[in-house]
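Please open the structure in a viewer and keep the sequence at hand.

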Amino acid sequence: MAMVSVNPIRNAGLAAVLLLSGCASLSNFAPGLAGSSEDMTEVSAPAVIDTPALAPAAIAEGGAPLPQQSYSITGEKIPYQPAPNPYLSGQAPVPPQAVADFRAAQALLDAEQYRDARIAFRQMTRDYPDLSGPWVKLGEIADKRDYPDKAEEAYRNAVEVNPNNINAYLALALHLRQKGSFAAAQQAYIDVLTLWKDCPPAHLNLAVLYDLYLNRPELAQPHYEAYDFLTGGDNPEVNNWLVEVRRRTGIETSFIDQPPALPEPVEATPVAAEQAAEPAPESSDKG
């Protein structure tokens with residue numbers, strides 16, 4: 001597979017972001033089971049807003065939805081309101097014992113006691129079959145122990161248990177990318193964005209996958225832009241990558257922000273202009 005022609009420093013930076021944004025967010029499995037915010041990836045999702053997006057999602061050439069900037073009828077930008085993360089909305093309460101069991105199993109994993117952690121999380125899948133988080137952790141453990149088939153099976157079990165688990169899709173996509181299944185990883189990221197088009201890590205990871213591994217910068221560009229748009233442009237490094245990919249593709253038109261064409265002002269006809277310039281006739285007093 002041909003690689004994108006980029007300098008080694010940028011190449012390493014892209015790979016590092018792909019790794020971090022795919023796995024560090026996996027602590028957020030369910031309300032009450034997540035770690036602290038310090039465990040989250042540097043590529044964080046926007047605040048959850050309960051108001052739906054104001055514009056339907058555009059579709060990038062690769063098949064993944066994109067956010068879209070809306071405008072008023074007078075041509076003014078309407079503040080974009082990201083759709084809520086479906087995994088965080090409408091979740092049923094997690095039993096207190098499940099929270100305690102999860103934290104105990106996570107402590108074993110943090111201590112690198114992988115065998116005991118695997119046993120603990122596996123027991124959770126039996127005790128709480130409606131929770132998908134333990135399956136994601138089992139996939140993570142299998143990856144650490146170099147059992148790729150078991151890892152993929154666990155991640156797919158997590159998605160089956162909870163099809164809204166954004167973290168499970170991200171973990172599956174990272175796993176597939178790491179073992180060279182680039183097309184399958186692409187599909188997993190598209191699945192995330194079909195479920196939640198406003199997921200910044202999925203846009204960034206998909207952009208890097210297209211750019212660094214599939215040599216398709218023209219498909220990467222919309223997702224770099226989507227990430228930049230959703231995060232308010234607060235990552236200068238990603239902004240630089242977007243500038244560079246635009247230089248390589250030659251595409252300067254935005255995929256996200258496309259202002260409507262405003263109507264041209266109507267010019268007065270010569271007759272109308274002449275009549276407007278003529279002074280009004282003076283009134284005459286008779287009698």
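How many helices and strands are there in the protein chain? The protein chain has eleven helices and four strands; helices (H or I, at least four residues) and strands (E, at least two) are DSSP runs, numbered from the N terminus. This is a predicted model, in which local features need pLDDT of at least 70, side-chain atom pairs count only at pLDDT 80 or more, and totals for chains, interfaces and linings use all residues. Residues are numbered from 1 along each chain as its sequence is written, and side-chain values use heavy atoms, with hydrogens and water left out.

**The whole chain**

Colour the model by pLDDT, the predictor's confidence in each residue, from 0 to 100. The mean for the protein chain is 79, and 70% of its residues reach 70 or more. Select residues 1–56 next: their pLDDT is below 50, and beyond near neighbours in sequence this stretch has 123 contacts in the model, a contact being heavy atoms within 4.5 Å.

Select R118, R122, W135, L138, I141, A142, R145, Y147, K150, E153, A154 and N157, which line the second largest pocket. A pocket is found on a 1 Å grid over the protein atoms alone, as an open set of points where a 1.4 Å probe fits, with protein on both sides within 12 Å along at least five of seven lines; lining residues have an atom within 4 Å of a point. The space in this pocket is about 270 Å³, a volume being the space filled by probe spheres set on the points, which are joined across faces, edges and corners.

Helix 3 (114–127), helix 4 (133–144) and helix 5 (148–161) each supply at least two residues of the lining.

Is E140 buried or exposed? E140 counts as buried because its relative accessibility is 18%. Leaving aside neighbours within four places in sequence, E140 is in contact with L109 and Y155.

Move on to Y169 in helix 6 (residues 166–178). Y169 is also buried, with a relative accessible area of 11%. Its contacts, apart from neighbours within four places in sequence, are V159, P163, A188, D191, V192 and L195. Finally, select D191: its C-alpha atom is separated by 7.5 Å from that of Y169, although the two are 22 residues apart along the chain.

Notes
Buried means under 20% relative accessible area, exposed over 50%, partly exposed in between (1.4 Å probe, protein chains only).
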